[in-house]
Amino acid sequence: MVSKRVKYARAHLSRRKHIALLARPLQIHLQKDINILEHPFTVSRAALKFHPTKRIKIMAKPKSINKKYDPAKKSLIYFKVPPAALNAKASNRIKDLSLPQKSAVNHIRKLFFENKTKMEYINKISLEIRKSRYQKYRLICNTLHQQAFARENVWKKKLKRFLEKPSDWERHNKVLERLAKPKGKQISQQLLPLKKSRKKKLYDSARVEKLSQPIAREAPSKKNAFKVKSSALSYELTDRMKELAYRNYPRIYIEPRIPGKVSIAALMYEANDRINILARPPNRPPGRETDLKDNAFDVSPTALKAWCSPRIKVLAKHKRRL
């Protein structure tokens, strides 16, 4: 059934005006966004009256039901500790790392020296600190440091016996400085200080012109071609040079060619049909037996009537070479 709006448009408007009117956007769409609802929390009547189909009921069910999940129980506020973490046994390394510092234990001992129960616990922790591997390592390092310090004192006492005067100490320091310097050839390129970037020099035309000129060298003295060196006269050939002087293969002697003599291969050659055809002279009309003209300066009439193309004119021009 046609609505009243369409009937009115058909009666009062032409088809073109009606299409132009329908093509205009509504004023509501221009003022605000279509996707934003005025009342987002209201439910439409169609949604309230809607009866779900069998397909939608099947799709609304979850794919798999978790048997352990109980909706009656409330979810815990804190995270549950996994059983593997509760049953884990700490290694000796973790136990040693978990111990507090010895200074902190001594400070707590001063605060709770009257409480017996806490003092027993503090003594137990201090005993574990003494037995830990890090405490043993610390004691070993301290002993090594003390031994090295004692050796240095012994060497200092020995030096004081020989270096009693201040001049002796100066001489000793100079010797140490000389020995501490690296040798010139053994200095690695990595240890060398970086060269400072030099400023670019200005262009000097006179210097560039001087450098561009060839170097004037003295002409070498001319050698005498017939003079033999004294070292060449007294030279003695070695066994190796004598071996190299002989040829590995004898030289093939080629006889000189006699002009006019026919080779043996040419005398024994048998010509085929094609060679025989090419060997025959061409049949020319009488008076034209040869290509030679009676008058060498005579020009043919076709050459006089010939027309030169633009390309031939371009090719006829000589090249200009600089």
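User: How many helices and strands does the secondary structure of the protein come to?
Analyst: This is a predicted model, in which local features need pLDDT of at least 70, side-chain atom pairs count only at pLDDT 80 or more, and totals for chains, interfaces and linings use all residues. Residues are numbered from 1 along each chain as its sequence is written, and side-chain values use heavy atoms, with hydrogens and water left out. Helices (H or I, at least four residues) and strands (E, at least two) are DSSP runs, numbered from the N terminus. The protein comes to 18 helices and 0 strands.

User: What percentage of the 322 residues in the protein is buried?
Analyst: A residue is buried under 20% relative accessible area, exposed over 50%, and partly exposed in between (1.4 Å probe, protein chains only). Of the 322 residues, the buried share is 4%.

User: Is S132 buried or exposed?
Analyst: S132 is located in the loop between α9 (116-131) and α10. Apart from neighbours within four places in sequence, S132 is in contact (heavy atoms within 4.5 Å) with D96 and L99. Because its relative accessible area is 8%, S132 is buried.

User: Which residues is S126 in contact with, leaving aside its neighbours within four places in sequence?
Analyst: S126 belongs to helix α9. Its relative accessible area is 11%, so S126 is buried. With neighbours within four places in sequence left aside, its contacts are V105 and R109.

User: How much accessible area do Y235, L237, M241 and L244 have together?
Analyst: Patches are made of residues with over 30% relative accessible area and no salt bridge: like charges are joined within 9 Å, nonpolar side chains (Val, Leu, Ile, Met, Phe, Trp, Tyr) within 5 Å. L237, in the loop between α13 (230-233) and α14, counts as exposed because its relative accessibility is 52%. Accessible areas come from the Shrake-Rupley method with a 1.4 Å probe; for residues, only the protein chains shown count as cover. Together, the four residues of this nonpolar surface patch have about 430 Å².

User: Which residues form a positive surface patch?
Analyst: Lys and Arg count as positive and Asp and Glu as negative, while His and the chain ends are not counted. The place of a charge is taken as NZ of Lys, CZ of Arg, CG of Asp or CD of Glu. One member, K158, lies in helix α10 (residues 133-162) and is partly exposed because its relative accessibility is 39%. The positive patch consists of K156, K157, K158, K160 and R161.

Technical notes: Salt bridge = Lys/Arg side-chain N within 4 Å of Asp/Glu carboxyl O.
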